[in-house]
Each structure stands twice: as structure tokens, then as C-alpha cells.
Amino acid sequence: MNSSQRAQQTARSEAAYHAARQLLPGGVNSPVRAFRAVGGTPRYIARGEGALLIDVDGNEYIDYVASWGPLILGHGHQGVLDAIAGVMRAGISFGAPTELETRLAELVVQALPSVEMVRFVNSGTEATMSAVRLARAATGRTLIIKCEGCYHGHVDALLARAGSGATTFGTPSSPGVPASVVSQTLLVPYNDRTSMGRIFEEHGSQIAALLVEPVAGNMGCIPPADGYLPGLRELCDTYGALLVFDEVITGFRVSYGGAQSRYGVMPDLTCLGKVIGGGLPVGAYGGRRDLMVQLAPLGPVYQAGTLSGNPLAMAAGVATLRALQQPGVYDQLEQLASRLGQGLARAARQAGVSTWQSRVGSMMGVFFAARPVADYDAAMTSDTQAYAKFFHAMLNRGVYLAPSQFECLFVSTAHTEDQIDRTIAAAEEAFAEAESA
Ligand SMILES: *Cc1c(COP(=O)(O)O)cnc(C)c1O
């Protein structure tokens, strides 16, 4: 029997989805989980084991979503579970300082060359929102530059996407975001040094900060062009604006020291999330000491959080970073991801499907596009219907990819070469299926 004909039982996921939709908008608590971009019924997950997801109908999948990036050690990592369990017995939240916060801060400061002090929050969204506030306070300026297609969480001021051309002021990409709020956000194409230079020439003295994902991971995976990040550093220095790297995905992912270490470019502020929480809700922002001391209670810039620095989350973060410090971890991730990348490229070629595939360490992307993808406009030319077919063909073969082409695939230390090879074998059939019909 051809594996594509294997009928997958999904009755229980369908019932769960039906019940959820009565109570949760779209049945979900974060939109992309609803499978809108690819159609079909989202799988309700019963548990995870290593690189595997098991759904409520008992289907098994090799997981490349990894909870959207945090689970770099895979599901149910023993060290992380033990750390959480150990701390949990002593109490789950105090709203008072614990030594664990300092321990995780120490690990973050040691890892990221530009970070001298750090403040923990509960999500990546909180991190970017707070970094923008701090940047505006520190510079006494209001304008923010954001690249089209970069995602910085659902902060009002950062929910602006492509206007028409490099110099347009932002227009909200969601109702409920006042135009006056995003009018303080300038949009520029990613990887376009010339447009960036022009916008600084025009508005330089009013720009508080340039926010960027040093490797874009929310329009698929798009690496920075050669010299792009150093060019941004130079522009910010020339005009006295702060460079803010949103390393919520890339921090501890593209190297232990994040993208700033991998590319050797030091931002003024760094936003973190995902991997530093080891799967629990954590975000952080940090940077130069002279900036961070402007936060309350030392300085006037207010930012707080009832559950910030929560012991369970800090323990999961510490355990995750300690595991990532073991020798050979990033080489292992590189080897596994490289094997997967080469295999997927070969599978697409054999099936005669035009794809543009990109990879930085263990974050990678597959665009159904005939030409190189270096920015948002190019990403948007990708064939979303072909991806939807590919996605379902993979899902039916037990491979769980992101339910949208404009997200990354993540490889974890829990993936095995055998699982990677099974993924490639599934892709050989799935590319052919995506191409036909
Ligand atoms: C996921 C993400 C965020 C938002 O983090 P949440 O924890 O979902 O709020 C911000 N920036 C980047 C680059 C992200 O990938």
C-alpha cells in the first residue's frame, strides 16, 4: 500500500474542533493554529515525545513546528521536566524575587555579547512592546522603523505591514489599531539597504529605534543579505537611533549567542522569547546597561508584570540553556538540519517542483517560488495552494509542518537521522502530489 493511501483517523480532532469553536473564536487561542492557510481540521494534540507529536486520535507526527520554536530540545526533555518539577514543589509563584531569575539572567548575559542587563516578561510581544517604550524614552524620539514582513508580536505600533513603497507611513494591519498609533511606524522592505538609507535621510533625527529580525522568521525563513546587518548598525550610529534585534526566534537558535554572535553585529537592545522559556511563557529584553537602568524602579520608564520571572518558567529556561551549553549541540543541530535541507531540495528537484529553500542553522523554510526570496514581496509571490497540498500530503504521511508557508521549520536535538530520512521520503511523494492535480 502506498503510504499516501493510508487513511488517517481524525474523528476525535474534528469533534474537539467543533466543541472549541463554540467557545473560542475560531476554536483557537492563536490564529494560525486553526489551519486557515491550508484548510482542513487542526489536529488536537494529546502529547509530545521527543520529536514526535501524538494527536487525540492516536496519529503520530514528526514535529517541525516545535511549539513555534521554543522546543529546541524536543518534547518532554528530561532535564527540563525535572527542573520544573523540582521548583514546582516549592511553590509556583510568589511575586517576590527568587534566585532563579538571577541565574537565568546570568546565562543570558553570558551568552549574548550585547546584553549587560535583562528584564524578564511573559511573551515576545511584551518584550518588543517594552523595548520600543524604552527606546523612545532613552532617545526622546517617537518614530520606529520596522521591516515589511517582520513580526514583532501583536503590539499595536508594530502591527503595520507593507504600505506602498519604502517611504510610506504605516497603515494598520488589523482593525482596532488606531492609524495615529502606526503613523509613528515607518515601513521598509527587508534586506533593502538603499530604502533604509533613504528613510534615515528623511526622518533620521526623529527615529528612536530600528527594529528588525536579524534572520526573518515570520515570512518564511529569510536570511539577511551579506552586509545588511552591519549596514543597519552603521545607519543607527550615524543618526543616533537604537538598533533593536528581535531575537525571539533566533536567540539560542541560530547559535548559542543568537544572530548577533553568528553575524557579529551588536544591537543596543535585544528581544528574546521562545527558546529562553523552554516551552513555558517567557520573554525578555536586555541590552546596554545605560539603557536598562532607565527602567523602573531605577529609572522613570515603567514596565511591570504580575507573573514575570515566574519560577517554573525561569527553571525551564535555565535547564534549557544549560542543555544547550553541552559541547556539540549546535553541530548536531546543524548536521540534522543540513541533512533535512539537502534532502528536501533533492526531493523537490526530483518532483520537478520549483522551490526556494533557505536555512540558518536549525531554522529553515520552503517557499513554493520560482525565484530567490529575499523580502516580503518576493515571499508573497509563493504558491500558497501548492503549499497547502504539500502540507496535507506531509501531514497524512506523519510529518507535522507549520500550517502556513510563511513560518519556519525547526529542527530539535530530539530529531534522529532516521526521522529526518523518513521526512525526506515523505517529501518525495508529497512534492509530486503538490505538483499534480
Ligand atoms: C513569536 C515572535 C514574537 C512574539 O512572541 P509571543 O511570545 O508570541 O508574543 C515576537 N517576535 C518574533 C520575531 C517572533 O517570532
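Reply: What follows goes through the salt bridges pair by pair, then turns to a helix and the ligand.

This is a predicted model. It holds 11 salt bridges.

Start with Arg233 and Asp268. Their side chains meet in a salt bridge, at 3.0 Å from N to O. This pair links distant parts of the chain, 35 residues apart. Arg233 sits in helix 7, residues 228-239. Asp268 sits in the loop between helix 8 (258-263) and strand 9 (269-272). Are these two buried or exposed? The cut-off for buried is under 20% relative accessible area. Arg233 has 15%, so Arg233 counts as buried. Asp268 has 6%, so Asp268 counts as buried too.

Next come Glu334 and Arg359. Their side chains also form a salt bridge, at 3.0 Å from N to O. Glu334 lies in helix 11, residues 329-350, and Arg359 lies in strand 11, residues 356-360. The pair therefore ties together parts that are 25 residues apart in sequence. Cover is another matter here. Glu334 is partly exposed, at 30% relative accessible area. Arg359 is partly exposed as well, at 29%.

Now take Asp418 and Arg422. Their side chains meet in a salt bridge, again at 3.0 Å from N to O. Both residues lie in helix 14. They are 4 residues apart, about one turn of the helix. Asp418 is partly exposed, with a relative accessible area of 46%. Arg422 is partly exposed, at 43%.

Some salt bridges share partners. Through them, Arg233, Asp237, Asp268, Arg288 and Asp290 are joined into one network. Arg233 and Asp268, the buried pair, belong to this network.

Several of its residues are buried, including Gln419, Ile420, Thr423 and Phe431.

Last, the ligand. The residues around it include Ser123, Tyr151, His152 and Lys274. This shell divides into 3 nonpolar, 6 polar and 3 charged residues. A polar side-chain atom of Thr125 lies 2.5 Å from a ligand oxygen. A side-chain N or O atom of Asn218 is 3.1 Å from an oxygen atom of the ligand. For Asp246, a side-chain N or O atom is 2.7 Å from a ligand nitrogen. On its own, the ligand has 380 Å² of accessible area, and the protein covers 83% of that.

Definitions and conventions
Residues are numbered from 1 along each chain as its sequence is written. This is a predicted model: local features need pLDDT of at least 70, side-chain atom pairs count only at pLDDT 80 or more; totals for chains, interfaces and linings use all residues. Side-chain values use heavy atoms; hydrogens and water are left out. A residue is near a molecule or strand if one of its heavy atoms lies within 4 Å of it. A polar contact is a pair of N or O atoms within 3.5 Å; within protein, one must be able to donate a hydrogen and the other to accept it, and residues adjacent in sequence count only if both atoms are side-chain atoms. Accessible areas come from the Shrake-Rupley method with a 1.4 Å probe; for residues, only the protein chains shown count as cover. Ala, Val, Leu, Ile, Met, Phe, Trp, Tyr, Cys and Pro count as nonpolar, Asp, Glu, Lys and Arg as charged, and the others, Gly among them, as polar. Buried means under 20% relative accessible area, exposed over 50%, partly exposed in between (1.4 Å probe, protein chains only). Helices (H or I, at least four residues) and strands (E, at least two) are DSSP runs, numbered from the N terminus. A salt bridge is a side-chain nitrogen of Lys or Arg within 4 Å of a carboxyl oxygen of Asp or Glu.
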